[in-house]
Amino acid sequence: MTLTCKNCTYITTVDVPALGHNYVDGVCSVCSVAMPTSLDGKYYIAAIRSSGNYWYMTNDLGTASTKRYQIVDSGLTVLPESITAAVDAQVFELIFDAATATYKIKTGDQYLGWTSGNSGALVDEATAIAATIENGTAAGSYQIHFAASDAERYLSLNSNASNAYYAWYKPGQVQDLYLIPVVEEQPGTTEP
């Protein structure tokens with residue numbers, strides 16, 4: 001940004017941090033760039049807990065009878081732009097179906113599924129949920145949801161100190177998610 005003094009002719013240039021995209025009706029209100037029609041690719045799924053750190057979702061459903069996706073503390077208060085040294089259990093592939101405008105979310109050789117309540121499952125492709133992914137309330141965030149038999153369900157992190165997991169919640173219990181692209185490490189580079 002270029003700044004000019006109102007009282008004299010002094011001009012200076014300052015760096016302004018990027019605001020991130022804020023999509024409204026498919027177009028960013030900040031820079032007018034169209035929202036991507038597909039987020040195909042591999043991602044970490046992150047959300048912030050009350051501790052201030054971001055937590056990554058894993059494909060471990062835990063040992064409780066009501067299955068929830070376990071979490072790993074990233075130790076970060078600011079997310080990286082991408083992940084190069086990915087842990088397989090934390091990688092989720094978003095596969096877009098243009099015919100239905102929905103996504104199947106794959107991890108390893110299984111897909112995200114749902115059983116009942118806010119319990120999750122890992123299933124084959126034929127029984128995978130068909131989710132929509134839309135902009136969240138914060139710039140650069142998303143909400144992942146699908147129509148379950150009892151209500152619209154959203155993938156969210158339970159940020160209570162005693163409950164450490166991601167699960168499928170009803171509207172009103174939704175938390176924004178951040179999708180961090182998993183990219184191949186380029187020779188001579190390291191992850192920040």
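This is a predicted model: local features need pLDDT of at least 70, side-chain atom pairs count only at pLDDT 80 or more; totals for chains, interfaces and linings use all residues.
Tutor: Let's start with a definition: buried means under 20% relative accessible area, exposed means over 50%, and partly exposed is in between (1.4 Å probe, protein chains only). Residues are numbered from 1 along each chain as its sequence is written, and side-chain values use heavy atoms, with hydrogens and water left out.

Student: Okay, is threonine 132 buried, partly exposed or exposed?

Tutor: Threonine 132 sits in strand S12; strands (E, at least two residues) and helices (H or I, at least four) are DSSP runs, numbered from the N terminus. The relative accessible area of threonine 132 is 22%, so this residue counts as partly exposed.

Student: How far apart in space are threonine 132 and histidine 145, C-alpha to C-alpha?

Tutor: Along the sequence they are 13 residues apart. Leaving out residues up to four places away in sequence, threonine 132 touches Gln143, Ile144 and His145, among others (contact means heavy atoms within 4.5 Å). C-alpha to C-alpha, the distance is 5.5 Å.

Student: Which side chain makes a polar contact with the side chain of serine 141?

Tutor: Serine 141 is in the loop between strand S12 (132-135) and S13, and it's buried because its relative accessible area is 1%. A polar contact is a pair of N or O atoms within 3.5 Å; within protein, one must be able to donate a hydrogen and the other to accept it, and residues adjacent in sequence count only if both atoms are side-chain atoms. The backbone oxygen of alanine 138 lies 2.6 Å from a polar atom of the serine side chain. The side-chain partner, at 3.3 Å, is aspartate 176.

Student: Where in the chain is confidence highest?

Tutor: The chain averages a pLDDT of 85, and 83% of the residues score at least 70. Confidence is lowest in strand S3 (residues 23-24), with a mean of 59. At 97, the highest is in S10.

Conventions. pLDDT is the predictor's confidence in each residue, from 0 to 100.
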